[in-house]
Amino acid sequence: SYTGQYGTAYLVDEVTNVRAGEAEKRNMTTGAHIVRDIVCMECNRYLGWTYVTAFTSDQKFKEGKFILERSLICDRSRNWD
């Protein structure tokens, strides 16, 4: 189970229809990481981030993966907004 800035979050291997921002170093509860925020390509809404670099060996499995914030995800085809 993962927690983002807005509560429950999911660590996933792949996402589509997102754009990544500039890489930046962030101190998180699991240590320092280089991350890039990701936004929806359609509505430009912030969705989470992708891990670029983890500085400790026990966090390396996150590199190249994405955190999606559950409360920020919407499925426009289902009109969940």
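**Entry 1: Ile73.** I note that the model is predicted. Ile73 sits in the segment after β6. Leaving out residues up to four places away in sequence, I found that Ile73 touches Tyr10 and Leu68. I also checked Ile73 against Asn44: they are 29 residues apart along the chain, and 12 Å separates their C-alpha atoms.

**Entry 2: Glu69.** I then turned to Glu69, which belongs to strand β6, residues 66-69. Does Glu69 have a salt bridge, or none, and which side chain of opposite charge is nearest? I found Glu69 buried and without a salt bridge; Arg26 is the nearest side chain of opposite charge, 7.6 Å away. The Glu69 side chain does reach the backbone nitrogen of Tyr6, at 3.0 Å. Beyond four places in sequence, I listed contacts of Glu69 that include Gly4, Gln5, Tyr6, Tyr46 and Trp49.

**Entry 3: the sheet.** I traced an open sheet of six strands, paired antiparallel, in the order β1-β2-β6-β5-β4-β3. The edges are β1 (2-4) and β3 (18-28); each has a single partner strand, so one side of each lacks a neighbour in the sheet. On average, and with direction ignored, neighbouring strands here are turned by 35 degrees against each other.

Entry 4: For Tyr2, the bridge partner in β2 is Ala9. Ala9 is also among the contacts of Glu69.

Methods. Residues are numbered from 1 along each chain as its sequence is written. This is a predicted model: local features need pLDDT of at least 70, side-chain atom pairs count only at pLDDT 80 or more; totals for chains, interfaces and linings use all residues. Side-chain values use heavy atoms; hydrogens and water are left out. Helices (H or I, at least four residues) and strands (E, at least two) are DSSP runs, numbered from the N terminus. Buried means under 20% relative accessible area, exposed over 50%, partly exposed in between (1.4 Å probe, protein chains only). Lys and Arg count as positive and Asp and Glu as negative; His and the chain ends are not counted. A salt bridge is a side-chain nitrogen of Lys or Arg within 4 Å of a carboxyl oxygen of Asp or Glu. A polar contact is a pair of N or O atoms within 3.5 Å; within protein, one must be able to donate a hydrogen and the other to accept it, and residues adjacent in sequence count only if both atoms are side-chain atoms. Contact means heavy atoms within 4.5 Å. Two strands pair if DSSP finds at least two bridges between them. Axes are lines fitted to C-alpha atoms, for helices over the stretch in contact, and angles run from 0 to 180 degrees between N-to-C directions.
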